[in-house]
Amino acid sequence: MAMDYNDPVVAEEFGKVQPMSFEEVEEELNSKGILAPPMMNEMDVKLMLVEVRLRLSGRMPGNSGGSTPRKKPDKFASKLEEALWTKPALKELYDGFRSREDINSMNVVAEYVNAKEMAITRYGKDYADLIKSVDEALTAPPPVKSPTLSFSGFPANMGEEACKMTFAALGEVVEFECAASDELPILSGKVTFEDIEAAKKAVAQYDGMDMGMGTALEIASV
């Protein structure tokens, strides 16, 4: 049965394989006793490795106990994987190509995000409109669908009260909770504004901001 490229498990694994060179993919397949057919193109060989990895790990969608809920990785395997987690507009664009099995466009998006200058050299002329759409998706603010936001990345030494006041400067806060991370010196939590417009302001002003803690602020609608 063909893989469903819209499945999040498949998408996540593809994001890890895509930046690999043809030689790296071929070497990994060979190490598992699998030889790629000589007439198979690079993208098909990469998709073969995705399927092999998923089957060997028991995560192939459709297998018993296969597909599992997505869990944000502690460390991203590529710039594409990070963008698919943190840029909702890009994920929507990419998922659209995946649902139509438009492998060429998926490959252009992946290469552009992972190695921008090289991708422009290779695809800048023939895929100018697609590259423009990718740029727009990368800079589009996350959608805000409710007055409640989750947040992560404010410095822990800022303290709960100062963090709450930061949000209150944008609009009345009706609920607030936060706690320091056990792994990083940052605050994470949730804030609920009286109205959705204040939530939109918070996302526009703070999402992606570098607070000097080695990670950018992440603020998303709940």
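**The serine.** I started with S78, which I found in the loop between α3 (42-57) and α4 (79-86); helices are DSSP runs of H or I with at least four residues, strands are runs of E with at least two, and both are numbered from the N terminus. I am working with a predicted model, where local features need pLDDT of at least 70, side-chain atom pairs count only at pLDDT 80 or more, and totals for chains, interfaces and linings use all residues. Residues are numbered from 1 along each chain as its sequence is written, and side-chain values use heavy atoms, with hydrogens and water left out.

Is S78 buried or exposed? I noted it as buried, because its relative accessible area is 10% (buried is under 20%, exposed over 50%, partly exposed in between, with a 1.4 Å probe and protein chains only). Leaving out residues up to four places away in sequence, S78 touches G15, P19 and N114 (contact means heavy atoms within 4.5 Å). I also looked at its side chain: one of its polar atoms lies 3.1 Å from the backbone nitrogen of E81.

**The sheet.** Next I traced an open sheet of four strands, ordered β2-β3-β1-β4 with antiparallel pairing (two strands pair if DSSP finds at least two bridges between them). β2 (173-180) and β4 (218-221) are the edge strands, each pairing on one side only.

I then followed β1 (residues 148-155), which pairs with β4 over four bridges in the antiparallel sense. Opposite S152 I found E218 in β4.

Definitions and conventions: A polar contact is a pair of N or O atoms within 3.5 Å; within protein, one must be able to donate a hydrogen and the other to accept it, and residues adjacent in sequence count only if both atoms are side-chain atoms.
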